[in-house]
Amino acid sequence: MVKPTPKTFAVKSFGCQMNVYDGERMAELMAGQGMTAVDAADADLVVLNTCHIREKATEKVFSDIGRLRKDRRVRALDAPMIAVAGCVAQAEGEEIVRRAKVDVVVGPQAYHNLPALVSAAAAGAPALDTDMPLASKFGALPARRRVGPTAFLTVQEGCDKFCTYCVVPYTRGAEVSRPFAAIVDEAKALVDAGAREITLLGQNVNAWEDADGRGLHDLIRALDRIPGLARIRYTTSHPNDMKQGLIDAHGDVESLMPFLHLPVQAGSDRVLKAMNRSHSRDSYLRLLDRIRVVRPDIALSGDFIVGFPGESEADFAETLSLVDTVGYAQAFSFKYSPRPGTPAADMGDQIAPAVMDERLQRLQAALNRDQHAFNRASIGKTCAVLIERRGKNAGQMLGKSPWLQSVLVEDDVALGDIVTLQLTDAGPNSLVGRALFATAA
Ligand code: 5AD
Ligand code: SF4
């Protein structure tokens with residue numbers, strides 16, 4: 001059936017920061033076609049940029065689609081054109097077309113083709129593209145124009161690590177690094193468009209390398225020289241790719257923020273081996289020691305999975321003791337979720353949901369306790385805070401400390417300012433600061 005070509009669009013992104021970045025780039029692409037961004041409830045075209053990492057991702061996509069269509073029926077409007085993008089599209093593309101009769105399915109490596117797919121769908125045929133071409137999609141995307149004080153920049157995609165629980169190597173493909181010059185150009189464009197902080201993104205961002213043998217630290221040193229770029233962060237890293245050059249950069253690159261997200265997943269060597277993590281509890285802890293030598297104040301963050309197949313109470317106790325040893329500033333923790341097609345999904349001794357729930361509660365209590373302690377230890381300190389957005393209350397603004405803590409401030413500060421604040425109070429999730437003076441913009 002021929003459909004009207006959409007004039008308005010909405011992109012809804014789920015999951016990780018890489019999806020947020022992809023969603024922004026898809027929005028820029030549609031805007032470049034002359035389409036206007038509106039609320040999903042009113043859009044002619046709704047792009048669902050999906051995540052497949054945990055839980056019932058596919059079912060959630062189907063229920064989202066059902067809800068969107070029902071809402072239009074209730075309001076006696078035509079159904080929107082629906083495009084499913086992201087990792088569920090990659091993993092379950094044909095199933096989605098068959099079951100939900102969506103108009104477009106586009107994988108994470110093919111979304112530069114979104115306008116062509118939308119045109120094809122408007123001409124009447126469902127359009128699917130889940131290719132993973134070697135040629136990069138990035139060259140086919142429009143230049144960055146307008147961003148807030150903080151921006152994401154994808155520098156690396158895909159993963160060759162094949163942790164046994166993880167779907168990423170299948171949905172995002174093999175590790176690919178974007179070229180040095182393209183990244184530096186995009187960073188400059190982001191700064192010209194208003195960014196003061198850039199977070200470099202990749203599933204294994206610290207595995208970034210180029211044909212000339214440059215590593216992430218070389219890239220960071222080049223970005224550090226961009227006038228106006230005050231802060232650099234990067235995520236997510238794998239412990240085995242944490243090279244000395246990158247550790248050294250934490251010691252002497254001023255714009256590189258003292259924060260490191262370094263997932264460990266579990267504290268027991270037996271579980272780490274079954275996960276195919278290729279690092280041990282001890283090698284992880286020794287790595288943290290080396291980083292703390294050059295940057296004693298580094299704030300550490302991690303990811304944890306509880307209830308991996310075969311995880312005993314003794315194994316879990318080792319995760320808790322690792323948390324006690326490290327003292328994370330913040331962390332993410334998840335119940336193990338079997339992903340179709342991954343080796344762990346077929347392992348024996350899957351853990352009962354009630355056991356996982358109980359372990360997750362104990363782990364989160366420990367992580368929350370440490371996060372609150374880390375925040376309390378900041379009270380009385382003076383630090384530079386980048387103002388990112390308005391707070392919930394009138395007159396309140398929210399910024400981030402160098403250690404990625406949220407800081408609320410009620411003084412007269414503007415978006416994009418970097419202000420020196422005295423930290424006066426701390427809760428589990430945020431701090432309160434008082435302006436001492438504003439640094440030059
Ligand atoms: N089940 C639970 N958590 C998972 N993660 C990845 N795959 C799974 C899974 N199958 C978590 C890991 C990873 C984070 C992005 O998501 O902790 O670091
Ligand atoms: Fe998944 Fe492991 Fe790769 Fe991270 S390193 S994306 S957890 S396979």
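At what angle do the axes of helix α6 and helix α7 cross? Let's find out in this predicted model, one close-up at a time.

**View 1. Helix α6 meets helix α7.**
Start with α6, residues 180-192, and α7, residues 216-224. Their axes come within 10 Å and cross at roughly 35°, and α6 passes α7 in a right-handed crossing. From α6, the contact is made by F180, I183, V184 and A187, while α7 brings D218, L219, A222 and L223. Sorted by class, the contact holds seven nonpolar residues, one charged residue and no polar ones.

**View 2. An open sheet of three strands.**
Here the strands line up in the order β12-β13-β14, and their pairing is parallel. Because β12 (259-261) and β14 (330-335) stand at the edges, each has a single partner strand, and one side of each is left without a neighbour in the sheet. On average, neighbouring strands of this sheet are turned by 10° against each other, direction ignored.

**View 3. Strand β13 beside strand β14.**
Now look at how β13, residues 299-306, is joined to β14: six bridges link the two strands, which run parallel. To pick out a bridge, find F304, whose partner in β14 is S333. Strands of a sheet pair through backbone hydrogen bonds, either parallel or antiparallel.

Notes
Residues are numbered from 1 along each chain as its sequence is written. Chains are lettered from A and ligands numbered from 1 in the order in which they are written. This is a predicted model: local features need pLDDT of at least 70, side-chain atom pairs count only at pLDDT 80 or more; totals for chains, interfaces and linings use all residues. Side-chain values use heavy atoms; hydrogens and water are left out. Axes are lines fitted to C-alpha atoms, for helices over the stretch in contact, and angles run from 0 to 180 degrees between N-to-C directions. Helices (H or I, at least four residues) and strands (E, at least two) are DSSP runs, numbered from the N terminus. A crossing is left-handed if the near helix is turned anticlockwise from the far one by less than a right angle, and right-handed if clockwise. Contact means heavy atoms within 4.5 Å. Ala, Val, Leu, Ile, Met, Phe, Trp, Tyr, Cys and Pro count as nonpolar, Asp, Glu, Lys and Arg as charged, and the others, Gly among them, as polar. Two strands pair if DSSP finds at least two bridges between them.
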